[in-house]
Amino acid sequence: QPFFTLGMINAIIFMLLFIPAYKGAFSFDGKFFHSYAMIYIVFTNFFFGFLYTTFPRFSGVEPIETKKYLTTFLFNLLGSISFLITLFFPPAFFATSIFMMISFLLTLKIFYNIFNKCTLPKKDQYWLIVSIGSGLIANLLFFIYAIPCGCDKSIIYETALNFGIYLYLIFLGFVVAFRMVPFFSHVMTWKKNEMLHILIFTLFLIHSFLDSTFPKALFAIDLIAAILMIIEIRNIHLPKTKEPLLWILHLALYWLPAALLLGSFAEFAKEWFNIPNFRLEYHLLGLGFLTTILIGFGTRVTIGHSGNMLKVDKTTVYIFYFTQVVVFSRVIFSISAYFGKITPFFDISATLWIALFAWWLIKYFKVLAFGEKIKD
C-alpha cells in the first residue's frame, strides 16, 4: 500500500514538474530530471510494492516483516522529497541518490536472505536480485555523472540510463511478466526456455554498452531480443479472454517484443539514416510495456489485497483502453518533433500521462490506501 500510493502520487507530481523542467524553467537539467524520476522515484516504488509481497510467495517463506519494508519505504519517501528540492537546489540530488542507494541495499539484503532460505525453484528470484543489483549500479553511475567536473561524462550518463532502463526496469518487468501472466492465465502446458533469462540479460547488457560505443548495432540487438520473446510468447499459448484483468496483462506481454521490434526500427533509422526519434525506443518500452502492465497488475493487486472480488467495472476498462492512448500520444509526439513541432504534442503527451494516473487514483485511491470495499 505505501509503495503503490507513493508511486501513483509521484507519477503525477513529477510529470507535472517535468513539463516546465523540459522547457528550461529550472536550473536542473530537465532530461536528467525526467530519466531519474521515472526510474527511481516512480517505477521503483511500484516494483518494490509488488516484490515485497510476491518475492516471499515465490520463495515459499513467511511474509516480510512490516518494520523492514516500512524502513525501505521511508528511504524512498526521503528520496522523493529530496528530489523535489533538487529542482531548486541541484546539490540535493546527491542526498536523493544516497537515499535510494540505501533503499536498494536494504531490499537486496532482505531478498538475498529469503533467496538463501528458499527450498523451492528459485531461478526467477535469482534474476530479480540481479536486476535490482543492476538498478543499484545505475544509480551509482547517475551519482558519479552528477559530480561536477570539466570532463566529458556523456558516456557515464548513457550507460546509467541504459542500465536503469534495460537491465533494471525492463528486465525486472520481463522476469515478473513471464512468471505471473501465464500463472494468472492458468497456462499449464508451457515449458519455459531455461536459457531465455540469461539470453535476454546478455542482450540488454550488450545494448547498454553499445549505446555509447557502437550505436549502429543497437537495432540488431533489440531485434534479436524481440524475436526470442515472440517465440517464447507463441510457445506459451495464452488463451483468448474477454476478462479485462487478464487481457490487459496479455496486452502488456505482447507489448514487450512489439516495443523492442518497433524500437529496433527506430534505432536503425536514427543511426543509419540520421532520423531522430526523441528516445522513442525507451518510451515504447516504458509506456507500452511497463505502464500497461503496471496499471494491470496494480489494479489486480489493489482489488485482491483489499478483500474485493477480482472483477472490474466499465470505468476501469476505459482506464485500460486509455493506457494505449497514452502510448500512442507519445509516438505521435516523436513523429511531430521530427518535423519540428514540439508544441503542443509534448504537452498533450505529458498531460495524458497525468490524466491516466489521476483517473486511476480517483477510482482506486480509497481501495488502495484504506481497503475500501467496492460497491457492486
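## Helices α2 and α3

Axes here are lines fitted to C-alpha atoms, for helices over the stretch in contact, and the angles between them run from 0 to 180 degrees between N-to-C directions. In this predicted model, helix α2, which spans residues 30–59, and helix α3, which spans residues 66–86, have axes that come within 11 Å and cross at roughly 165°. Because angles over 145 degrees count as roughly antiparallel, α2 and α3 are therefore roughly antiparallel to each other. The crossing of these two helices, α2 and α3, is left-handed.

On the α2 side, the contact is made by Phe33, Tyr36, Ala37, Ile41, Thr44, Asn45, Phe48 and Tyr52, while α3 contributes Tyr69, Thr72, Asn76, Gly79, Ser80 and Phe83.

## Helices α8 and α9

Helix α8, covering residues 218–236, packs with helix α9, covering residues 244–273, at an angle of about 160°, and their axes lie 8 Å apart. That angle makes α8 roughly antiparallel to α9, and the crossing of α8 and α9 is left-handed.

From α8, the residues that make the contact are Leu218, Phe219, Asp222, Leu223, Ala225, Ala226, Met229, Ile230, Ile233 and Ile236; from α9, they are Leu253, Tyr254, Leu256, Pro257, Leu260, Leu261, Ser264, Glu267, Phe268 and Trp272. The contact of α8 with α9 divides into 17 nonpolar residues, one polar residue and two charged residues.

The structure holds one disulfide, and it is formed by Cys149 and Cys151, whose sulfur atoms are 2.3 Å apart. The link of Cys149 and Cys151 is left-handed, with -70° about the S-S bond.

Definitions and conventions
Residues are numbered from 1 along each chain as its sequence is written. This is a predicted model: local features need pLDDT of at least 70, side-chain atom pairs count only at pLDDT 80 or more; totals for chains, interfaces and linings use all residues. Side-chain values use heavy atoms; hydrogens and water are left out. Helices (H or I, at least four residues) and strands (E, at least two) are DSSP runs, numbered from the N terminus. Angles under 35 degrees count as roughly parallel, over 145 as roughly antiparallel, 65 to 115 as roughly perpendicular and the rest as oblique. A crossing is left-handed if the near helix is turned anticlockwise from the far one by less than a right angle, and right-handed if clockwise. Contact means heavy atoms within 4.5 Å. Ala, Val, Leu, Ile, Met, Phe, Trp, Tyr, Cys and Pro count as nonpolar, Asp, Glu, Lys and Arg as charged, and the others, Gly among them, as polar. A disulfide is a pair of cysteine sulfur atoms within 2.5 Å.
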